[in-house]
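Colleague: I have questions about the terms used for this model. Can we go through them with the structure open?

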Amino acid sequence: MRIVLFTGKGGVGKTTTASATALRLADRGVKTLLLSTDAAHSLADALDVPLTGEPAEITPGLWAVQLDAQRRFEDAWQQVQGYFAELLSHGGVDPITADELTLLPGLEEVLALLAVRDLARTGDWDTLVVDCAPTAETLRLLALPEALGWYLQKVFPAQRRLARGIRPIAALLGRGDAVPADPVFAALARLADELADVRGLLADPATTSVRLVLTPEAVVIAEARRTFTALALYGYAVDMVIANRVFPAGEDAWRQAWADAQRRQLAAVRDSFAGIAMRELGYRTGEPVGAQALRAVADELYGELPGADPVPVVATAQLLRVDADGADFVLSLPLPLAEPGAVEAARVGDDVVVTVGGARRVITLPNALRRCSVVGGEFDGTRLQVRFRPDPEGGTAQRDE
Ligand SMILES: Nc1ncnc2c1ncn2[C@@H]1O[C@H](COP(=O)(O)OP(=O)(O)OP(=O)(O)O)[C@@H](O)[C@H]1O
Ligand SMILES: [Mg+2]
């Protein structure tokens with residue numbers, strides 16, 4: 001089972017390259033499902049076939065589906081929804097409808113993730129090719145399982161204890177329904193489990209890899225570099241960089257100037273992403289829409305003979321590591337391409353919070369490290385290392401920057 005995600009700045013060719021990759025896989029006899037987490041349903045446009053919320057086989061071996069967040073509400077969700085609706089109505093907001101609730105920030109992403117997980121777990125397909133929304137949304141999406149899981153684990157048990165105490169008081173005040181009832185907590189606990197499962201699937205480099213699509217322009221490359229760092233921070237493996245819309249060399253001055261500028265940018269891409277497979281896709285004479293044009297794109301990306309696997313598993317070292325060093329432990333996390341000044345790490349109780357630029361990850365410390373003090377930390381340009389030393393006194397809550 002493989003899951004391949006395509007992301008990159010808006011308009012760089014994510015949908016086109018994801019569709020071409022899925023077609024190539026199907027043509028090689030790999031049962032493939034192509035889906036999009038992007039609310040803008042452009043898969044149907046790229047493939048030039050109508051799609052629905054149910055996976056449909058559009059060409060032998062290739063299924064495609066347009067995720068429909070609205071339809072993904074299950075019973076458990078209805079209860080969580082009910083809780084939010086109550087909370088909002090107590091805040092003086094008019095009761096809201098289920099449709100409006102799907103507009104809650106992050107909820108659509110959660111539902112998309114759960115849908116990807118459910119489709120992967122059916123076992124009906126060998127490979128899932130996921131056409132993601134532009135970078136910022138995709139990073140939010142990929143950070144969500146761990147962040148929300150963390151929140152549910154840390155905050156809700158405390159709130160729940162609190163709720164047990166205050167429900168009688170709230171009832172006296174005639175506000176008992178403002179305190180979440182147990183079924184809501186049960187639903188949230190189940191959600192936490194499901195998110196952990198999503199995370200297990202997506203952060204496993206043997207299953208999931210991310211492909212960065214870019215065009216050879218300085219602004220686009222800068223964003224791709226930041227994305228690469230953020231993906232490493234969250235623990236996702238990048239296995240390919242696709243440079244799209246590369247101009248062919250030409251005779252006239254205008255084309256020559258562009259071709260030269262792109263050549264310089266492509267060299268910068270090769271330099272930035274050294275060690276990662278890079279493919280180029282030329283600027284075609286028309287929009288690659290429909291199976292025939294997308295197959296030509298796949299030929300250019302993966303070679304005309306369907307010999308090589310377009311989605312091989314690239315062995316990637318475990319991204320987050322804890323190594324023993326004498327009596328100390330060293331927690332290390334690769335953060336490729338990060339600006340040293342932008343990397344921050346702080347211990348907060350049993351967690352280490354790592355921030356790079358705008359991206360943040362809360363790493364829950366394994367038991368062995370909780371009873372240690374942080375005695376040092378450094379970022380050497382590629383890897384963040386935090387040194388822990390066993391505490392003779394046992395663990396103490398502390399904050400080290
Ligand atoms: N190599 C190419 N040559 C010519 N046209 C291309 C090429 N790659 C993509 N296109 C066209 O550029 C447009 C944008 O491509 P695409 O929809 O794949 O980008 P995207 O990254 O998915 O965009 P969005 O961020 O809006 O989802 C489409 O009209 C597509 O057909
Ligand atoms: Mg798209």
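**Terms and values**

Colleague: What does helix H1 lie across?

Modeller: H1 (residues 14-27) lies across E1, strand E2 (32-36), E3, strand E4 (62-66), E5, strand E6 (208-214), strand E7 (238-246) and E8. It runs at about 165° to E5. Contact here means heavy atoms within 4.5 Å. Axes are lines fitted to C-alpha atoms, for helices over the stretch in contact, and angles run from 0 to 180 degrees between N-to-C directions. H10 (residues 291-302) lies across E1, E3, E6, E7 and E8, at about 140° to E8.

Colleague: Before we go on, what kind of model is this?

Modeller: It is a predicted model, where local features need pLDDT of at least 70, side-chain atom pairs count only at pLDDT 80 or more, and totals for chains, interfaces and linings use all residues. Residues are numbered from 1 along each chain as its sequence is written, chains are lettered from A and ligands numbered from 1 in the order written, and side-chain values use heavy atoms, leaving out hydrogens and water.

Colleague: Why do E1 and E5 count as paired?

Modeller: Pairing needs at least two bridges found by DSSP. E1 (residues 2-7) and E5 (residues 127-131) have five, in the parallel sense, so they qualify. Ile3 has Leu128 in E5 as its bridge partner.

Colleague: What is the strand order of the eight-stranded sheet?

Modeller: The sheet is open, with mixed pairing, in the order E3-E4-E2-E5-E1-E6-E7-E8. E3 (56-59) and E8 (277-282) each have a single partner strand, so one side of each lacks a neighbour in the sheet. Neighbouring strands are turned by 25° against each other on average, direction ignored.

Colleague: How do you know that Thr16 makes a polar contact with ligand 1?

Modeller: A polar contact is a pair of N or O atoms within 3.5 Å; within protein, one must be able to donate a hydrogen and the other to accept it, and residues adjacent in sequence count only if both atoms are side-chain atoms. A polar side-chain atom of Thr16 lies 2.5 Å from a ligand 1 oxygen, so the pair qualifies. The side chain of Arg245 has an N or O atom 2.8 Å from an oxygen of ligand 1. A polar backbone atom of Gly282 is 3.0 Å from a ligand 1 nitrogen.

Colleague: Which elements give two or more residues to the shell around ligand 1?

Modeller: They are H1, E7 and E8. H1 gives the most, three residues. The shell has 18 residues; a residue is near if one of its heavy atoms lies within 4 Å.

Colleague: What is the order of the four-stranded sheet?

Modeller: It is open and antiparallel, in the order E9-E10-E15-E14. E9 (321-325) and E14 are the edges, each with a single partner strand, so one side of each has no neighbour in the sheet. The twist averages 25° from one strand to the next.
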